[in-house]
Structures are given as C-alpha cells and as structure tokens.
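Dear colleague,

I would be grateful if you could read the notes alongside the coordinates.

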Amino acid sequence: MKRKILSVTLLLFVFSNKLLIAQAGMWTWMKGDSTCCSSGTWGIQGLSDASNNPPALYNPASWTDHDGNFWLFGGSKGNNTYSALWKFNVLTNEWTWINGSQLPNQCGVYGVIGVPSPDNSPGARGAALLSWTDTNGDLWLYGGYAFCSAIDGDRNDLWRYSISTNEWTWMDGSDSNVYLDPIYGNYQVPASDNNPGSLHENTAAWTDSLGNFWLYSGGNSSCIGTAMWKYDVGVNDWVWMQGSQGCQLAPSYGIKGISDSLNSPGSRLPYAHWTDENGNFWLWGGYAGYNHNVYCDLWKFNVNSNEWTWISGTDTIGAEAVFTQYCESSNANHPAAGFENGACWKDSCGNFWVYGGCHDYMSNTTNDLWVYRVGNDDWTLVKGSTINNQIGFYGIQGTPSDNNYPGEKNGALAWIDTNGNLWLFGGMNHSAKRFNDLWK
C-alpha cells in the first residue's frame with residue numbers, strides 16, 4: 001500500500017509503519033542579520049519598511065493574527081529587555097515596529113484594570129511568556145520576568161492587546177508585586193481571586209474550542225508547580241483545573257498510552273506544545289530547574305477527561321536522540337531530552353514539529369528539526385544535526401538552498417504561514433549570543 005501526502009513542502013511516502021521522506025524542504029534566510037547581537041533597524045513606529053528588523057532577541061512572546069501576520073513582543077538582548085511589539089507581514093516580507101518603546105528596560109504602565117488606553121504597556125519582559133490569540137483576534141500575554149528600573153521579577157499579570165485600536169489593557173493580576181504565589185481557590189471552581197501566580201520560563205499555553213485559555217506548570221524562584229489552569233475570557237476568571245498545589249514534584253508516568261487521573265508530567269518548565277485535531281493538548285520535554293533534570297517525553301492532556309497520558313519518548317532523564325537515518329520514521333525514534341524548545345509548529349495534516357533547544361542544563365543546543373505524526377505515534381528527524389552547538393549556513397538572503405540551515409537555537413520563535421511553510425526567528429546559541437535572523 002502506498003499513500004502520497006504533500007505537507008509543509010515535504011513529500012511523504014508511507015510504507016507500513018515507516019515514513020520515508022523522498023524530498024525534504026529547504027531553508028531560506030529571509031530577513032535579519034547572519035551575525036549575532038544586532039540592535040535591529042526600528043524605522044518609524046507604525047510604518048512598514050523593507051529595511052526594518054527587530055533587535056536580536058531571546059524568548060519574546062509571539063502570536064499569529066487572523067490575517068496570517070506574525071507578531072512578537074518583548075524579549076531580551078544581553079542585559080537589555082524590551083517592551084516593543086512588532087508585526088511581520090508574510091506577503092510583503094516586511095517588519096513593522098507597532099507599539100512600545102525603543103528603549104530597553106522600561107517599566108509597565110498599567111492604567112486602570114479592564115480599561116484600554118494608548119498609554120498602557122506591559123513593560124519590558126522576557127524569560128518566556130505565555131501567549132494566546134482569542135476568537136476576536138486580540139493578542140494576550142501572561143507573566144514572564146519583568147525588567148525595569150523600579151522592580152525586577154516574575155509577574156502574574158494578564159494583558160490583552162487590540163490590533164484594531166493599538167491599545168493594551170491590563171486584565172488581571174498585580175500591577176506592582178512580583179514573586180506571588182498561586183491562589184488556587186476551590187478545585188475547578190472559577191473565582192475572581194484565583195490566579196496561577198508569578199510565572200516565567202513557560203510557553204505551554206493552549207486555547208480550547210470554546211475560546212478559553214489554558215496553561216500548565218511554569219514556575220518562579222521558589223516553586224515549580226504541576227497545576228493546569230484555565231482562563232475563561234467571558235467572565236475574566238481563572239480556574240484551577242487539574243494537578244497538585246505542591247512544588248518540585250516528580251512526574252507520575254503510569255503506563256505509556258493509558259490515561260489516568262494520577263498521571264502527571266510533574267514540575268517542569270515546559271516549552272514545546274501543540275493542540276491536536278481533537279482538541280487535546282500536548283507537550284514535549286522540559287526542564288526541572290530545581291534538580292537540573294531534562295525530560296525526553298511526550299504527553300497528552302484530554303480536556304474532556306481532565307487527564308494526562310504519557311504517549312511517547314522515555315522516562316530516562318537526559319536521554320539522547322534515537323534515530324536510524326534522516327527522513328525515516330519509527331515508533332522507537334525520538335529527539336533528545338530538551339527544553340527551551342518553544343520553536344514548534346503544527347502542520348495542515350496535524351503533524352507536530354519541533355526545532356532545536358537546549359539538551360542539558362549547561363545549555364548545549366542543537367539545530368535539529370523533527371516531526372511527530374500523531375496518528376502513527378512516530379518521530380522523524382528531518383533536517384539539521386543532533387550534534388551540539390552547530391553554526392548555521394545562511395547562503396543568499398531570499399534564496400532557498402539544500403545547503404542552507406539555521407544554527408543551533410534556544411528560546412527562538414516559530415510560526416506557520418497559510419501555505420504551510422515553517423518560520424523561525426531569533427533565539428540564543430549555547431554561548432548566550434542573541435540573533436534576529438528570520439528563516440522560512
């Protein structure tokens with residue numbers, strides 16, 4: 001039996017339980033600099049220009065709007081962290097500095113809770129923020145590590161940005177305090193006082209079919225939790241949906257492939273995440289900062305049953321990648337244990353993709369591109385190297401080539417366009433050099 005699928009510029013051939021990719025896609029360096037540490041070209045706020053580029057950034061927030069444009073906010077470059085909001089138009093291949101200050105380390109301007117204003121701003125923040133796009137097309141973000149002259153620290157505030165009015169609204173959380181503990185309230189009961197607490201180093205955020213926002217785990221300087229939270233946009237309340245109120249808890253794997261109310265990924269700082277065609281939430285790997293454990297496991301959360309299932313990978317801490325050759329799938333394959341791997345995509349066939357990330361707490365980083373097929377429960381190494389700390393090859397800007405490939409990255413951003421192409425921006429290499437290169 002042979003079945004041909006065209007997906008994300010990959011021609012896939014399925015033979016029984018193996019996937020052979022006859023022709024892999026090509027990387028194209030689209031924008032930005034081929035060297036590290038760029039200050040960017042800001043241009044005039046609100047005006048698109050071919051020469052515009054954001055500065056080199058690590059771990060900003062990101063979104064895709066309803067028109068297919070890519071957005072990013074904040075992020076850090078060395079000792080500087082930004083509060084600027086940028087938009088990239090795929091059709092024109094141009095960046096626009098939309099909102100926020102060109103100056104780094106600016107404090108937030110909260111205004112009145114629930115009231116939008118052109119003066120409002122979340123302020124400079126980075127270290128991985130949670131972000132969602134709602135059904136109206138508004139952009140939301142939560143937490144992160146705020147940097148400003150008045151006070152630094154992990155935040156618990158929730159913000160909404162309206163594209164049509166170019167205004168931020170402070171929606172929930174504290175406007176002045178950092179390192180706040182969660183307020184759980186009653187299990188699965190929404191309340192105006194509930195809050196997930198101050199969080200950073202987490203991008204595991206999902207939106208369900210009803211438009212509610214979800215997040216898992218994350219942490220601050222004192223606690224990495226295991227709670228799953230839901231935010232009801234309609235009533236502006238948080239709900240503690242699943243997991244423990246405890247900190248620094250090990251995973252509870254159960255039996256691979258079997259859902260159970262006792263299963264839990266444990267306390268970790270998760271990054272790679274997806275939503276499948278049935279509305280289930282998925283996460284891959286992560287880092288338990290309290291003991292330096294780096295995970296090599298794939299988990300699924302069923303919103304209807306409110307239970308986790310360990311699906312793929314291994315429970316061996318710090319496991320190496322497993323594969324036989326490029327472009328061949330197997331149920332035994334998996335990427336190496338990893339974190340800072342928030343560069344992840346879902347293609348039009350429902351396959352999950354993930355790029356690079358750190359593979360140990362010493363920040364050794366790769367540039368490997370993997371795909372996981374949900375229906376076949378198999379991983380495939382598509383591009384890049386599983387060897388740590390490889391530099392990229394840029395080629396000619398705007399020209400695709402089999403020889404091109406981005407370098408090792410962690411804390412990078414990822415988007416997918418309406419034609420199914422994967423896009424990758426910025427991030428940091430193993431020696432903490434930031435980049436502003438944009439790849440397709």
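The cysteine sulfur closest to that of Cys358 belongs to Cys344 and lies 15 Å away, which is too far for a bond. Cys358 is buried, at 2% relative accessibility. Please note that this is a predicted model.

A search of the whole structure gives 3 disulfides. Counting the bonded cysteines along the protein chain, their pattern is 1-2, 3-4, 5-6. Cys349 takes part in no disulfide, and its nearest cysteine sulfur, in Cys327, is 16 Å away. With 38% relative accessibility, Cys349 is partly exposed.

Cys36 is bonded to Cys37, with an S to S distance of 2.4 Å. The torsion about this S-S bond is about -80°, so the disulfide is left-handed. Both cysteines are partly exposed, Cys36 at 27% and Cys37 at 35%.

Cys107 and Cys148 form a disulfide with an S to S distance of 2.3 Å. This pair connects distant parts of the chain, 41 residues apart: Cys107 is in the loop between β10 (94-99) and β11 (125-126), and Cys148 in the loop between β14 (145-146) and β15 (153-154). Here the S-S torsion is about 85°, so the disulfide is right-handed. Cys107 is partly exposed at 31% relative accessible area, whereas Cys148 is buried at 11%.

Cys223 is joined to Cys247 at an S to S distance of 1.9 Å. Their link is left-handed, with -95° about the S-S bond. Cys223 is buried at 14% relative accessibility, while Cys247 is partly exposed at 33%.

With kind regards

Definitions and conventions. Residues are numbered from 1 along each chain as its sequence is written. This is a predicted model: local features need pLDDT of at least 70, side-chain atom pairs count only at pLDDT 80 or more; totals for chains, interfaces and linings use all residues. Side-chain values use heavy atoms; hydrogens and water are left out. A disulfide is a pair of cysteine sulfur atoms within 2.5 Å. Buried means under 20% relative accessible area, exposed over 50%, partly exposed in between (1.4 Å probe, protein chains only). Helices (H or I, at least four residues) and strands (E, at least two) are DSSP runs, numbered from the N terminus.
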